[in-house]
Amino acid sequence: MAVLLDVASWALLLAGSAFCLIGGLGLLRFPDVYARMHASGITDTLGTMLIVAGLALQAGWTQVTIKLVLILIFLLFTSPTSTYALANAAYNSGLKPFLAPDRDLDGEAKR
Amino acid sequence: MFTAATIAILVAMGMALARALLGPTVFDRVLAVNSFGTKTVLLIALLGFLSDRPDFLDIGMVYALINFIGTIAVLKFLKFGDLGTPGGADSDSGDAGPQESRSQG
């Protein structure tokens, strides 16, 4: 049983690390700020959730797990809020997203 | 295994830091610093497990809240040019806010 828990938590930790790396790579390589927000969302949701779940499996039913769940709840509340505020501020400052050359801002084909 | 996850997060933090230094607009930098802060929380939690001191999780919790408040404060400063301004109802409506004249670029 302990081995099973260890294997499960290692798998979760490795998957979370992989998602963090993917998010960081996207943050570095994507072309404009809106696309980079999309990449940073991977780190904020899946990376955080998987790593915290892996750590919680290592900790078992203790006070540590409660703290981990609290951290997860804080992050899940704050990261969408700050990303929304960031996208709002960027759009209001006149920064237009990159679009496909034949589409306008609503996704309609240009005439 | 904690070591592998810690190294992966450190590499991802390096990428976010590179974006924060390179970023063409200020919003890229704010986004990169916010992402860096999220990864820092994860790194603190992992370091607590790595060194068998789970008390680090309290620091991680505080860091998560400070990171959020810092991001919102920077964005408010960018929009209003002043942290003392009460944001009010028009702070997120988009078009009605007191837009300061801001030079592009």
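Author: Let me begin with a term: helices (H or I, at least four residues) and strands (E, at least two) are DSSP runs, numbered from the N terminus. The expected span of a helix is 1.5 Å times one less than its number of residues. This is a predicted model, in which local features need pLDDT of at least 70 and side-chain atom pairs count only at pLDDT 80 or more, while totals for chains, interfaces and linings use all residues. Residues are numbered from 1 along each chain as its sequence is written, and chains are lettered from A, with ligands numbered from 1, in the order in which they are written.

Reader: Okay, how many residues does α2(A) have, and how far does it reach?

Author: The helix α2(A) has 27 residues and reaches 37 Å from its first C-alpha to its last, which is close to the 39 Å expected at 1.5 Å a residue. A kink of about 30° is centred on A:Gly47 in this helix, where the bend at a residue is the angle between axes fitted to the seven residues ending there and the seven starting there. After α2(A) comes A:Gly60, with a positive phi near 75°.

Reader: What does the secondary structure of chain A come to?

Author: Chain A has three helices and zero strands, and from the N terminus on its elements run α-α-α. Its radius of gyration is 18 Å, well over the 13 Å that the globule rule gives for 111 residues, so chain A is more spread out than a compact globule. That radius is taken over C-alpha atoms, and the globule rule is 2.2 Å times the number of residues to the power 0.38. Along the principal axes, the C-alpha atoms of chain A fill a box of roughly 65 × 25 × 25 Å.

Reader: And A:Ser9, is that buried, exposed or partly exposed?

Author: A:Ser9, found in helix α1 of chain A, is partly exposed, because 19 other C-beta atoms lie within 10 Å. A residue is buried if 20 or more other C-beta atoms, placed from the backbone, lie within 10 Å of its own, exposed if 12 or fewer, and partly exposed in between. Leaving aside its neighbours within four places in sequence, A:Ser9 is in contact with A:Gly54, A:Leu57 and A:Gln58, and contact means that the C-beta atoms of two residues, placed from the backbone, lie within 7 Å.

Reader: Switching topic, how many residues of chain B are in contact with chain A?

Author: On the chain B side there are 42 residues, in contact with 41 residues of chain A. The elements that give two or more residues to that side of chain B are α1 (2-22), α2 (26-50) and α3 (56-80) of chain B, and α2(B) gives the most, with 13 residues.

Reader: Which residues have the most contacts inside the largest nonpolar core?

Author: They are A:Leu68, A:Ile71, A:Leu86, B:Ile9 and B:Ala45, in a core of 45 residues. Such a core is a set of buried Ala, Val, Leu, Ile, Met, Phe, Trp, Tyr and Cys residues joined through C-beta atoms within 7 Å. Its largest share, eleven residues, comes from α2(B). Leaving aside neighbours within four places in sequence, B:Ile9 is in contact with residues of both chains, including A:Ser17, A:Cys20 and B:Leu42.
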